[in-house]
Amino acid sequence: MDPVGAVEAIDAAAPLITNDIVVFGLIAATLGAIFWLASGPTPFWKKFFAWVPALLLCYFVPAIYNTAGLIDGESSALYNPIASRVLLPAALVLLTLSIDLKGILKLGPKLLFVFCAGTLGIVLGAIVSFQLLEWFWPAAVAGDTWKGMVALAGSWIGGGANMVAMREIYGVDATLFGQFAVVDVAIASTWMAVLLFLANRSQQIDARAGADTRAIDEMRARVSAYETANARVPTLTDLMVIVAVAFGLVGLAHAVADPASAWFKVNVTWAAQFSLDAPFVWVIVLSTFSGLLLSFTPVRRLENAGASKLGTVFLYFLIACIGMQMDFLKLANRPELLAIGVLWMAVHVLVLWAAARLVRAPLFYIAMGSQGNIGAAASAPVVAAAFHPTLAPVGVLLGTVGYATGTVIAYGLGQILRVMAGA
């Protein structure tokens, strides 16, 4: 191809909007339009949003923008650093400072049981999907495919930091790593969208399944009663203090995260196994811990002025920024890898469902058992908030556990897959 043709090809592939400030405005306008329509200005939209949750559209509409070439979500700075490194930790601070820790503990051991079942489902899913495809589609798992699966396991048990750790440990080829990154986004994002859809119907689903929802119902009722008794119209001072607390602690978390992760990387031999050498993990942990400490102080009263509502706004921007990274057209690029991901996720969901039925756990426990692993701290609170804003901290806590255990469990799974692949 001549130079002029090459330039034209590059231009043709370029998104229509390249300015991140314009993209930010587009996302803000989209979220505003979705929520306005969800308020039911006409009978049509009332019926439409009775079936399609607004939260789901906040995810899928930006994905359509990205797929259509209107924006380039993967190269945009909106997700990283703005949404994931600033808005996410700020949301965690605001959502955890109003946390009802006693209420969360009252959710009981069933939640932990289902969460562990979710982790087991991911391990079994990798083994089962590899074996099935080795029998029926050997080309799908030929060569170093198992290494890519180990990296994906790191992400699905922990998070992005764990996925990168597995890449370094097992020497995953850059191309293969990128292909499994697409599988990660495609399958995990689709499953997250399903959970967001089901969250809107959780009461009906739990009723049909005969699930025990007393602990969650009591927590919701207690929080609602507190809000009714103490809520007030926020003043300008209230809003400024809420913003100061949220972003001030985010700044402090980032200031501590870099030197802390660097120190652990140099001085602690097992730091990588628990992702303690990853600054992002420290940002999430410190933001969550800071908010948790504030929940025992008078700062908790900021919730009366709507602290968690502002935190939820940040989460919705995060949802949109996650969605704008998804390209529907890439789902068909490597069907064999997508087949692995679909089978893998199916086993994970099946194990979760069986565990939940065994202890009569509600749908929320299934969602957290899954997203605490697959979504980690980035999306677990988003899904939890879809059930009720006060439940978001539960997702944060379980997501943090996923970060801590992801590298170790994925490494062990890698040794099993290595043997299965005969490598």
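Helices here are DSSP runs of H or I with at least four residues, numbered from the N terminus. By that reading I place Thr 145 in helix H8. I am working from a predicted model.

**Confidence.** I looked up the pLDDT before anything else. The chain has a mean of 82, and 88% of its residues reach 70 or more. Over residues 1-12 the pLDDT is below 50, and I find two contacts for this stretch beyond near neighbours in sequence. Where pLDDT is low, the predicted coordinates should not be read in detail. I leave that stretch alone.

**Helix H8.** I took residues 145-157 as the run, 13 residues in total. From first C-alpha to last, H8 reaches 18 Å, close to the 18 Å expected at 1.5 Å a residue. I count 13 of its 13 residues as buried.

**Thr 145.** I note a relative accessibility of 5%, so Thr 145 counts as buried. Its side chain reaches the backbone oxygen of Ala 142 at 2.8 Å. Leaving out residues up to four places away in sequence, I list Ala 140, Leu 176, Phe 180, Leu 337 and Ile 340 as touching Thr 145.

**Cores.** I then turned to the nonpolar cores. The largest has 114 residues, and Trp 156, Trp 344, Phe 364 and Met 368 have the most contacts inside it. Helix H10, residues 174-199, gives the most to this core, with 13 residues. Apart from this core I find another, of nine residues, including Ala 253, Val 268, Ala 271 and Leu 276.

Definitions and conventions: Residues are numbered from 1 along each chain as its sequence is written. This is a predicted model: local features need pLDDT of at least 70, side-chain atom pairs count only at pLDDT 80 or more; totals for chains, interfaces and linings use all residues. Side-chain values use heavy atoms; hydrogens and water are left out. A nonpolar core is a set of buried Ala, Val, Leu, Ile, Met, Phe, Trp, Tyr and Cys residues joined through side-chain atoms within 4.5 Å. Buried means under 20% relative accessible area, exposed over 50%, partly exposed in between (1.4 Å probe, protein chains only). Helices (H or I, at least four residues) and strands (E, at least two) are DSSP runs, numbered from the N terminus. The expected span of a helix is 1.5 Å times one less than its number of residues. pLDDT is the predictor's confidence in each residue, from 0 to 100. Contact means heavy atoms within 4.5 Å. A polar contact is a pair of N or O atoms within 3.5 Å; within protein, one must be able to donate a hydrogen and the other to accept it, and residues adjacent in sequence count only if both atoms are side-chain atoms.
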